[in-house]
Amino acid sequence: MKQRLSILGSTGSIGVQTLDIVAENPDKFEVTSLAAGSNWELLARQAIRFDVDTVVIADTTKYEPLRQALASHPIKVFTGSDSLSQIVRSSEVDVVVNALVGYAGLHPTVAAIKAGKKIALANKETLVVGGDLVMRLAAERRVPILPIDSEHSAIFQCLAGEHSPIRRLIVTCSGGALRDVPKEQLADVTPERALQHPQWSMGAKITIDSATLVNKGFEVIEAHWLFGVDADRISVLIHPQSIVHSMVEFEDGAIKAQLGTPDMHMPISYALMFPQRASRPSEQFDFLANPTLTFAEPDRDKYPALDIAYDCMRRGGTAACVMNGSNEVAVAAFLAGKCRFIDITASIEYALSKATFVAQPTLADYEASNEESRALAAEYLKL
Ligand code: NAD
Ligand code: MG
């Protein structure tokens, strides 16, 4: 039986690579629905190529051109914020690939879990914001959440077949685009410079998050929820080569690592095919051509966002939701040339100092907290 996919964020970096895996494995997968933000041309091409039933475009101004482009095909076209949650519930869907960016990913994940769908999760913000609620719901409904984020996929691969307790998770970090820029120069960094990631080609938001290390902080929170490991037992190591994708240490001192050339097709295919592996024409890693793998402590003074994320994780409740909401506004402002690079972390600190804290949030509390933190960041940045 083929697995029937709903791919949210199909026109983005992860979405496009997910469709590569589908195209390589036509006997294993078919695509029921696709959703995107505003790139209606690519969405239309994908919809025709993969012969999907339904597409959703978030940007309402792109609904009409998309509808016209698909007029001669039997493809349903929707827009509007509830459409994502609706398509993932369809009885024609087995697996939801959540490759949306930002807070927008939370509600569709919750809807998909409630409908009993297996989740292949790239949208880390789902767990950063609502990890507590999402993991409880997934356990209740016995829905597997398979990580696509490369570090979490690495940890998940290291845990395959293990039944013993974890002593420590070691999340590796490339250091981002600005790892060689001194702290004093961060104020003058342009968006173009901060978008030049040394190892990975990704969407703009996560590339900036990688440069501030907000992304690594988020990944620590993501690992906490996915693997049930406390903050004190998750460490971050700078590993500029991005070959070791993360590690797990066990109580007997053994450390397992997952290695490979940086390529998101690998973790995406693992999430989709687990417990099997894909057969891919990928590059074979050459140890002799890369004889040196190095590791270093992150510079917590240069990158305050890492400790802020640890703090949010320890506080629980809506703290990480506030970090996420304010970060989204600040990253968009930085990319639009409306604030400096260092204002991103400053906006997060401001929002966290002012926002209402809810210890045991419901979905509605997360919604309110997201709105409030976005408004606080906008206030701080005078947007
Ligand atoms: P991206 O910006 O390239 O793509 C995002 C996709 O979501 C696009 O298709 C966009 O149109 C769509 N989208 C955005 N808002 C939407 C909305 N409101 N409704 C419908 N569609 C919407 O981002 P990306 O780099 O592919 O990242 C996606 C997620 O995966 C992020 O959470 C990111 O942190 C995570 N991730 C990405 C990578 C990577 O290599 N790109 C690696 C690990 C984790
Ligand atoms: Mg990652």
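**Notebook: buried spots, a metal site and helix packing**

I started with G105, which counts as buried at 0% relative accessibility (buried is under 20% relative accessible area, exposed over 50%, partly exposed in between, with a 1.4 Å probe and protein chains only). Before going on, I noted that this is a predicted model, where local features need pLDDT of at least 70, side-chain atom pairs count only at pLDDT 80 or more, and totals for chains, interfaces and linings use all residues. Residues are numbered from 1 along each chain as its sequence is written, chains are lettered from A and ligands numbered from 1 in the order in which they are written, and side-chain values use heavy atoms, with hydrogens and water left out.

**G105, continued**

G105 is in the loop between β5 (95–98) and α5 (106–114); helices (H or I, at least four residues) and strands (E, at least two) are DSSP runs, numbered from the N terminus. I looked up its contacts (heavy atoms within 4.5 Å). Leaving aside neighbours within four places in sequence, G105 touches N98, L100, N123 and T126. I also checked G105 against I255: they are 150 residues apart in sequence, and their C-alpha atoms are 33 Å apart in space.

**Metal site**

Which residues coordinate the magnesium ion (ligand 2)? I found D149 (OD), E151 (OE) and E219 (OE), at 2.0 to 2.2 Å. Donors here are N, O and S atoms within 2.8 Å of the metal (3.2 Å for Na, K and Ca), and water is not among the atoms, so sites may look incomplete. The donor residues are spaced D-x1-E-x67-E in sequence. D149 is buried at 7% relative accessibility, and E151 is buried too, at 8%.

Next I went to the largest nonpolar core, which has 120 residues (a core is a set of buried Ala, Val, Leu, Ile, Met, Phe, Trp, Tyr and Cys residues joined through side-chain atoms within 4.5 Å). V55, L178 and L272 touch the most other members. Helix α13 (residues 319–335) gives the most to this core, with nine residues. I listed the contacts of V55 beyond four places in sequence; among them are L34, L43, A47 and F78.

In helix α2 (residues 40–49), I found L42, L43, A44, Q46 and A47 buried. The buried residues of α2 pack against α1 (13–24), β2 (29–36), β3 (54–57) and α3 (63–69). Just after α2, D51 has a positive phi of about 50°.

**Helix pairs**

At what angle do α9 (residues 204–212) and α10 (residues 214–227) pack? I get about 95°, with axes 5 Å apart. Axes are lines fitted to C-alpha atoms, for helices over the stretch in contact, and angles run from 0 to 180 degrees between N-to-C directions. α9 and α10 are therefore roughly perpendicular (65 to 115 degrees; under 35 is roughly parallel, over 145 roughly antiparallel, the rest oblique). On the α9 side I see K205, I206, D209, S210 and T212, meeting V214, N215 and F218 of α10.

For α12 (residues 304–315) and α13, the axes come within 7 Å and cross at roughly 145°. A305, I308, A309, C312 and R315 of α12 meet A319, A320 and M323 of α13.

**S269**

Last, I looked at S269 in helix α11 (residues 265–273). S269 is buried, at 4% relative accessibility. Not counting residues up to four places away, S269 touches I21, F274, A278 and R280.
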